Amino acid sequence: MKLLLAILFTGITFAYAQYPEGKDILKKVDQNLTSENRVFTSKMVIHGKRTSRTIESKSWTAGDKKSFTEYLFPAREQGTKMLKLDDQLWIYSPSTDRIIQIAGHMLRQSVMGSDLSYEDMMEDSKLINHYNAKVTGAETVDGRPCWVLTLTAFDPDVAYQGLKIWVDKDRNVPLREEMYAKSGTLLKRLTLADVENINGRWYPKKMVFKDVLKEGDGTEFIMENIQFNVAIPDYIFSKANLKK
Amino acid sequence: MMAIKLALRNLVGAGLRTWLNVIVLSLAFVVIIWHKGILDGWDRQARTDIIHWEAGGGQYWQKDYDPYDPFTLNDSHSRVSGILEEMVNKGTLTPVLITQGTIYPSGRMQSILVKGIDPKQKIVAIPSSQLDTASDAIPAIIGTGMASSARLKKGDIVTLRWRDRNGAFDAGDIIIAGVFKTTVPSVDGSQIWIPLDRLQKMMMMPGEATILVSKQGTKTLPEVDGWRVKNLDFLLSDMDKIIKSKTAGGMILWGILMMLALLAIFDTQVLAIFRRQKEIGMYIAMGMTKRQVVTLFTVEGAMHSVLATLLGAIYGIPLLGLQAIKGISFPMNGSDYGISMAERLYPYYGLKLIIITVLIVMLTTTIVSYWPARKIAKMKPTDALRGKFNDKVFAKRIASR
């Protein structure tokens, strides 16, 4: 019996000893996914119960504090603009020619019927700054070997206190993410695909968000023409730019 | 006295013309009292229900709390301590913690307010004792309006997602422990009530509250640092504004009805003075002063309102009395429009309302009766006796008939 326990213990220790440090993987993931700034056009395909809708937009992002998005398609949404500065969000609607600040209840509403809430759009910072990571296994996702990382927030202010991510072993890009509530309830699932090497970094150009508490097939977010670390003039991130 | 006797005899003698005027005027009477009675009944019901369900005897609001500004909700919570804690322990105050959350009934996302209330409280009518139940899921009670919009019923389990005081997401199941019926939409629409201690734990806000409701009948609430006192006048002011605007709308209806009735009386007076010139001349020839004749004709016109009051009382008292007892059912649901309105309204006809209405109608009738009667003062008794009195306005009016 003792021998059996010793073999089992050694086996587990050996298995964990083969896993790299979670922190190291997380750093590499952050290096790939975050940048000083980026400009991209994107398509958001919202799969509803009966039909799907596509919304095209162009976004300018600087770090995790500033972001500006202009909607280009369909005609109904064309000209709608969204500005995020720190933890504040404003939306300009051309039909009403008004700028409104999104707060309270409204932050929890989905963005144009998608599986993303305004709150989700405002969460975009380096994982290493908020989470302790532990590699808890190795699995294959879409034919690619991945490390499974369990992330626990050490920062009480972070929205999702628990994350589970599947990180491509070779490219250090997450291919799947699960976001958990403090109670451990799974809230959202994110699938990442179409990983491409852009300017020396691996980046997933397609993301599928699924609010698991909500019905529907999720929302696809496809990035096109992505440029990293380009010069973005300051006026882009101003309220005055919303009405331009 | 003689004028009254004569006026009454002349009126009754005029037959159908008098009764037509009296009927129209009595209708105006009854409709005015009925309409105002409904509004007064609604006002009384709404005030009672708001006090009963929400306002109590006044409230304390955390200094940052503004129910109309969602920006304030994240910061509007404070620890209940000192004199407030003493009042809570005495049972004269009950704390309510308010936060935002999202529920997912049948896979649909719905933003709501989550309100924490002490299950043992007796201050407001919310049946919070139903929350005093042992369950793994968080027990919650909702109003019928919320139950209908979220398609939830007693015993249903639904996932609730919220953010704690640090902004971290948390989620758990709630079980609908009860569905209550209320006429106060501000305690029903888009909100759930859960035990206060559970919400304080969920939000990491032990001992904190957003508002405190005082016991009904509380005369004054002492000022407390960090909290703002909201008395009943303030808490009922929205309802008062609705009633005021409805009263103003009702004035148009009264105005039209009164105009019809008064126009009929005015015309009757004009016609009477034109046709009864010889009679007027006779009165003066027999020794009555012109002023006495004017008074006679004015009283005659004003008597319409007396008869209308009597006629209105004959059919109005049983009709309106029956409505006051049985109530009036309205097909619309007030909570759909965010206003406190019972399914059945019981009109309230106060003595003050009746007396004021009678006086207004009598006064206006007297004025429109006096107006044409003033012409009598211009008559020459000899011309009047011969029926030769002429006046351009009178002539025009008579010619237009």
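This is a predicted model: local features need pLDDT of at least 70, side-chain atom pairs count only at pLDDT 80 or more; totals for chains, interfaces and linings use all residues.
**Chain B as a whole**

Display chain B as a cartoon, coloured by secondary structure. Its elements comprise 12 helices and 13 strands. The radius of gyration is 32 Å, well over the 21 Å that the globule rule gives for 401 residues, so chain B is more spread out than a compact globule. A box of roughly 100 × 45 × 35 Å, taken along the principal axes, is filled by the C-alpha atoms of this chain. Of its 401 residues, 39% are buried.

Next, colour chain B by domain. Domain 1 takes in 2-52 + 239-399, and domain 2 takes in 59-230. Over C-alpha atoms, the centres of domain 1 of chain B and domain 2 of chain B are separated by 52 Å.

**The nonpolar cores**

Which residues touch the most other members of the largest nonpolar core? Select Val167(A), Ala140(B), Ile142(B), Ile192(B) and Ile194(B), which hold that position within a core of 96 residues. Then select helix α2 of chain B, residues 16-55, which gives the most to this core, with eight residues. Both domain 1 (2-52 + 239-399) and domain 2 (59-230) of chain B give residues to this core, so it lies between them. As background, nonpolar side chains tend to be buried together in soluble globular proteins.

Centre the view on Ile142(B). Leaving aside neighbours within four places in sequence, its contacts are Ala147(B), Leu152(B), Ile176(B), Val179(B) and Ile192(B). A second, separate core has 17 residues, among them Ala7(B), Ala272(B), Ala302(B) and Met303(B).

Ile83(B) belongs to helix α3 of chain B, residues 82-90. Because 15 other C-beta atoms lie within 10 Å, Ile83(B) is partly exposed; a buried residue would need 20 or more. With neighbours within four places in sequence set aside, Ile83(B) is in contact with Pro222(B) and Val224(B).

**Helix α8 of chain B**

Select residues 277-285 of chain B, which form helix α8, and show the side chains of the buried residues Gln277(B), Ile280(B), Gly281(B) and Tyr283(B) where present. These four cover an arc of only 160 degrees around the axis, which puts them on the same side of α8(B). An α-helix has 3.6 residues a turn, so residues three or four places apart point the same way.

**Backbone features in loops**

Most residues other than glycine have a negative phi, and most peptide bonds are trans.

- Ser106(B) has a positive phi of about 50 degrees although it is not a glycine. Ser106(B) is placed in the loop between β3 (93-103) and β4 (110-117) of chain B. It counts as exposed because it has 10 C-beta neighbours inside 10 Å.
- Met204(B), also a residue other than glycine, has a positive phi near 60 degrees. The loop between α5 (196-203) and β9 (208-209) of chain B holds Met204(B). It counts as partly exposed because it has 14 C-beta neighbours inside 10 Å.
- Phe73(A) and Pro74(A) are joined by a cis peptide bond, with omega near -5 degrees. Pro74(A) is located in the loop between β3 (66-73) and β4 (81-85) of chain A.

Finally, show both chains and select the residues in contact across them.

Definitions and conventions. Residues are numbered from 1 along each chain as its sequence is written. Chains are lettered from A and ligands numbered from 1 in the order in which they are written. A residue is buried if 20 or more other C-beta atoms lie within 10 Å of its own, exposed if 12 or fewer, and partly exposed in between; C-beta atoms are placed from the backbone. Helices (H or I, at least four residues) and strands (E, at least two) are DSSP runs, numbered from the N terminus. The arc is that of the directions from the helix axis to the C-beta atoms. A nonpolar core is a set of buried Ala, Val, Leu, Ile, Met, Phe, Trp, Tyr and Cys residues joined through C-beta atoms within 7 Å. Domain bounds come from an automatic or database domain assignment. Two residues are in contact if their C-beta atoms, placed from the backbone, lie within 7 Å. The radius of gyration is taken over C-alpha atoms; the globule rule is 2.2 Å times the number of residues to the power 0.38.
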